[in-house]
Amino acid sequence: MTNLDINEIYNAQKVLSGVLRKTPLVWSRRINPDANIYIKPENMQYTGSFKLRGAYYKISQLTDEEKSRGVIACSAGNHAQGVAFGASHNGIKALICLPAGAPISKVEATKGYGAEVCLVPGVYDDAYQKALQLRDEKGYTFVHPFDDPKVIAGQGTIGLEILEDMPDVEAVIVPIGGGGLISGVAFAIKTLRPEIKVYGVQSSGAPSMATSLQEGKIQHLSTVSTIADGIAVKEPGINTFEMCNKYVDEVVTVSDDEIAAAILALLEQHKIVAEGAGAVSIAAAMFNKLPIKGKRVVCLVSGGNIDVTTLSRVITRGLSKSGRNYTFKIDLYDKPGQLSGVCNIIADLGGNILSVSHERINASAEINGCILRIELETLNNEHINTIRTGLTNSGYCVLN
């Protein structure tokens, strides 16, 4: 493991001072009412994510000879934009390898910052191998997205900002993909204030760091699958694994449904647009994955570069997870007045009907039966249960 010194992070803060937007801390009353939650919205950063910090600082520290060869990087999207931005500002050529499935918005934004893009079939790790191949063939200087001390130092400036803005913070929750962000943040915070808890969050569909820490050595996942494409990493870095093992108090995972609900909550409550990777810290706080009750907590929203079509699907998923949308399946006896009776109960209990499907040819237990699927707009999961109870108490056979 390459050693990191706190002075490196202070130097990064100085270098970045004229480039970065210092993102504020935003208080949240409703994310978790049992804790005092503040949001650090790095989605408001130039390029839309924290990645600009590490990428720009790394590029700024290259030698003239390294700069002359140009830089190459691999990314799920956000690091790509950070490298493209940093290279452009320093007058350096940049080639970025992105997974072919990266959101179109991230691909176009990377091109917009002046970089050349190479789309690689597969996920981040496939793009990584292609970038190494091109580095060796063409002589580019490689800018690693997370396992580089300079990159980690740049990300660590977030930790310094949190301590400056909230000296009495008790816990910080950070998304984890390859681990560069949390390594820098945890190192800065634990070096200056070791009593502060630093927690990491991964998607349950890509738990490479969580699995590695549990096993006590770096693990390589055969596959990853998550809506949080920015943290869909199969294997953590050597440096980041060691730093997380040393400085991070706990790493937990959240499901795609929980991530979707967190994105929706940020949209509705704070008008903050977060991508899946950026919202995992909020999901962990919302669904009580960590011991934060009664504590002053900062949740780091690491980025907001989400594709609009993906956002639409995520909102639908989030509405379902948070009990705002539900489809009842009811086994009815097919006779006049049955549908009217169901609708009246739902209306009396405050449900709003969005769509109705009435199927006579089905697997109903009754020969003269039918299946009614009725999609509702509801308030929350408790409201759904109230409607279900109302239907059941009125003699209707509710199947789900």
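Tyr-247 is buried, with a relative accessible area of 16%, where buried stands for under 20% relative accessible area and exposed for over 50%, with partly exposed in between (1.4 Å probe, protein chains only). This is a predicted model, in which local features need pLDDT of at least 70 and side-chain atom pairs count only at pLDDT 80 or more, while totals for chains, interfaces and linings use all residues. Residues are numbered from 1 along each chain as its sequence is written, and side-chain values use heavy atoms, with hydrogens and water left out.

Rings of Phe, Tyr and Trp (its six-membered ring) pair if their centres lie within 6.5 Å, and planes under 30 degrees apart count as stacked, over 60 as edge-to-face and the rest as tilted; the count by this rule comes to 4 aromatic pairs. The rings of Phe-187 and Tyr-247 have centres 5.4 Å apart and planes at 85°, so this pair is edge-to-face. It links distant parts of the chain, with Phe-187 in helix 8 (residues 180-192) and Tyr-247 in helix 10 (residues 238-247), 60 residues apart. Phe-187 is also buried, at a relative accessible area of 6%.

Helices (H or I, at least four residues) and strands (E, at least two) are DSSP runs, numbered from the N terminus. In helix 14 (residues 338-348), the buried residues are Gln-338, Gly-341, Val-342, Ile-345 and Ile-346. Seen down the helix axis, they fall within an arc of 130°, taken from the directions from the axis to the C-beta atoms, so they line one face of helix 14. The face turned away from this buried side carries the exposed residues Ala-347 and Asp-348.

## Packing and the end of helix 14

With contact set at heavy atoms within 4.5 Å, the buried residues of helix 14 pack against strand 11 (325-333), strand 12 (352-359), strand 13 (369-377) and helix 15 (381-393). Helix 14 is followed by Gly-350, whose phi is positive, near 90°.
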